[in-house]
Amino acid sequence: MKINTLAIFLIAFMLCSNIFSQEKQNLSSISIPKELKESANAIIRLNKTIIDVETIDHLVVKQQRIVTVLNKLGKKHINAYKHYNNDTKITKLSAIIYDALGNKIKKYSKSDFQDVSAIDGGTLYSDSRVKFLEHTPTSYPYTVVFESEYKNSSTGFIPKWFPIENYNLAIEKSIYILNNPKNIPFRKREKNFDVFSIKNSSTGNNLNYSLTNQLAIRPEYYTLNFEELVPNMSISLDSFSLKGIKGNAKNWKEFGKWMYNELINGRNQLSPSTISKVKQLVKGINNSADKAKVIYEYVQNKTRYISVQVDIGGWEPIAANKVDEVGYGDCKGLTNYTKALLDAVGVKSHYSIVWAGNAKKNVFKDFSSMQGNHVILNIPNNGNDIWLECTSQTIPFGFLGDFTDDRDVLVITPEGGVIKRTPAYINKDNLQLTKADVTLLPNGNISAHFERKSYGTQYYDKYSIEEFTKKELNKYYKSTVWDYNNNLEVDNIKHSNNKEQIEFTEDLDVKIEKFATVRDSSYLFKLNIFNRVTGIPKKYRNRQQPLEIERGFTDKDEFIFTLPEGYTFTSLPEKRNITNKFGAYRISFEKINNTTFNYKREFSLIKGIHSKEDYKAYRKFRKTVVKYDNLRIELIKL
């Protein structure tokens, strides 16, 4: 049989061309379904993570990540980086850039990635580094194919599956595979799987999950934390290794006992002189809480916060005697040091792990694993536990603020781990009381004496300003507090920080030029000078997410106005009283005499989660608050 070489060549050419064009089409932005582009700044074409758990102290993680960036806001979703340290070794790292049509335009090898220390300004020591891709696009859209592989001798942190990583990000396909050939027992925690189209192809002790064609989620204000809205899965091995330290933990009791025995116990040694000193400090004090307060203030005056994260230092505290010697430490070291000092004076306390941050996040009650990013101290106190933030030199004793309040934390005891909840600062706990004596001047200027007292998280938001310079304070009041008042000047600023009552008081004089509109026979001005709500929540045509009021607060204001010479009022506005499930708003007016009147205002929000349908009513309520906070009154000439 005669072979036609030309025909073979043509067939081969067409086959190769077809394969090439198919590759181009897959990486071309043109091939992306139109609906995936809606509201998206970037699209994950494929995010495939394969985790091989080879032994309890050997993990291999491979990732192939293909992201099409549609605009400059989508660049942050590339995520072409990998962290490494002494026990995490990057074995493969590469990236290829394709243009809108799928043509290759640039290739990066491992040596082309930037390599920097992964520490912030508050970290003194750390072995953590990161390799990341720095690519400057010349046009949009473009596609990045990122591939990586790393090996880790610590198996305490199995990578989490988080298929929908952020808002305005569509997912064409996300795959999560965990291979467990040794059948090491593990646990998993699935969240929000029933709300999304998650496909589960798992078999036995091997996991295989995928999510395809997920449209981008638009961000909405006043809703739950993103992690509470989207699917995610956590994995934890019953037997694991952390920086060479083996552990077994099927539940929090076992986990806490392992952590106490392996990472905390024996690190509370102090010198005899230090023990003698602190015993002398609490001499004559019998109450444990009072002893703890003295010790806490001693730690605040003696130490400062600096992060130390070398090797096991990410989880093991610096020894107490070392902190005592150098006078600094991270949250783990300072907490452990405070605990050691309390041990020395006979006060029981417990090292406690928490997810810290203004956005509240709980340690999972029902899922023991390596969790948390911060450490605080728990002092049992007859059912009314005391909690200490040991990294702050200024925060009051027993006060947490919104950094670690109102969340489940892991308390480490010698008997094991226990989940407890930190105190919550909500609703009326977050109180602000404002009083002002306001003198209206005939030329439209005003002068006022202003006093404001703050409690709860409102205290936490303000107490640090007592350390501001005069220049910083002027900027704070003019640009942050009263940015809606032009021509404002502040003077005679006095602050009082009552740490016993956890009360912060601001006392100052205020002048505002041209505040009122002065006409031939009238004098027009806004009543709410010092606590005006100006922002209205965004309007959504089709709200998708539930409404959350995260904390709640109460503001009470009372202003006494002295009229300008030569003017009077014909009548005062009517009082308003609005109360609903979101909170309350009240204003009232009282004539004191012919030249003075009293304006009272109260605005409160109540912590709670409401349906997405309630958002419209909530917005209407807030809009009403803005309306009445802008209420004007007109005076007339005598």
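1. Lysine 293 is partly exposed at 21% relative accessible area (partly exposed lies between buried, under 20%, and exposed, over 50%, with a 1.4 Å probe and protein chains only). Its salt-bridge partner is glutamate 297, with the closest N and O atoms 2.8 Å apart; a salt bridge here is a side-chain nitrogen of Lys or Arg within 4 Å of a carboxyl oxygen of Asp or Glu. Helices (H or I, at least four residues) and strands (E, at least two) are DSSP runs, numbered from the N terminus.

2. A word on the basis: this is a predicted model, where local features need pLDDT of at least 70, side-chain atom pairs count only at pLDDT 80 or more, and totals for chains, interfaces and linings use all residues. Residues are numbered from 1 along each chain as its sequence is written, and side-chain values use heavy atoms, leaving out hydrogens and water.

3. I get 36 salt bridges in the structure. One of them joins aspartate 330 to lysine 332 at 2.7 Å, N to O, and both of these residues are buried.

4. Aspartate 385 and lysine 420 also pair up, again with N and O 2.7 Å apart at the closest. This one links distant parts of the chain, 35 residues apart: aspartate 385 is in the loop between strands S21 (374–379) and S22 (386–388), lysine 420 in strand S24 (residues 416–421).

5. No disulfides turn up anywhere (cysteine sulfur pairs within 2.5 Å). Cysteine 331 has its nearest cysteine sulfur, that of cysteine 390, 9.5 Å away. Cysteine 331 is buried at 8%, and cysteine 390 is buried at 4%.
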